[in-house]
Amino acid sequence: MNNWDGRERAFSTAAIVALVLLSGCKSWHPVTDTPASWIARESPPEVRLTAETGDQMTIRRPIVVNDSIVSASARVAVGPFAPPRRGVRLSDVHGFEVPRFDPVKTAGMAAGFLAISISWARTVGRHGGGQQSPEPPVVKLAPGLRLIWSVIP
């Protein structure tokens with residue numbers, strides 16, 4: 001393995017770890033403002049609504065249409081036989097929450113990931129045996145193929 005492969009693997013591992021840490025570090029916070037005015041002002045990527053029955057619904061890219069909160073990304077069919085766009089009436093909304101970045105959850109998740117990584121590295125280091133891997137077999141090629149093989153990296 002050359003040096004570039006190691007850097008590429010380290011970069012991809014760091015990118016995956018960053019995505020996992022950042023995606024799991026949000027929590028829902030209630031909004032005291034009215035849903036219609038808050039959605040119009042902030043244009044949030046998603047909201048979580050609680051109906052009077054206690055059912056919760058998450059709507060991505062919410063917009064207010066007439067008296068309802070609906071998803072802007074929902075397909076809108078046109079014509080007399082088009083189904084109505086699903087949403088929640090503003091009068092039925094009893095809880096309105098938006099996602100926020102939570103630094104405490106992020107720190108806890110990072111500490112847990114670091115502890116697992118260190119314990120895994122120690123376990124592998126103790127039980128690895130320190131043996132070198134055998135050398136790869138030597139490939140014997142015909143003279144014509146040897147020339148082609150030397151030109152192609």
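1. Strand β2 (residues 46-51) pairs with β3 in the antiparallel sense, over five bridges. Strands here are DSSP runs of E of at least two residues, and helices are runs of H or I of at least four, numbered from the N terminus; two strands pair if DSSP finds at least two bridges between them.

2. A word on the source: this is a predicted model, in which local features need pLDDT of at least 70 and side-chain atom pairs count only at pLDDT 80 or more, while totals for chains, interfaces and linings use all residues. Residues are numbered from 1 along each chain as its sequence is written, and side-chain values use heavy atoms, with hydrogens and water left out.

3. Between β2 and β3 lies a hairpin with four residues between the strands, where Gly54 takes a positive phi near 100°.

4. The open sheet has four strands, in the order β1-β7-β2-β3, with antiparallel pairing. Because β1 (26-30) and β3 (56-60) stand at the edges with a single partner strand each, one side of each is left without a neighbour in the sheet.

5. On the β1 side, five bridges join β1 to β7 (residues 93-101). Pro30 has Glu97 in β7 as its bridge partner.

6. Do look at Val31 too: leaving aside residues up to four places away in sequence, Val31 touches Trp38, Phe96 and Val98 (contact means heavy atoms within 4.5 Å).
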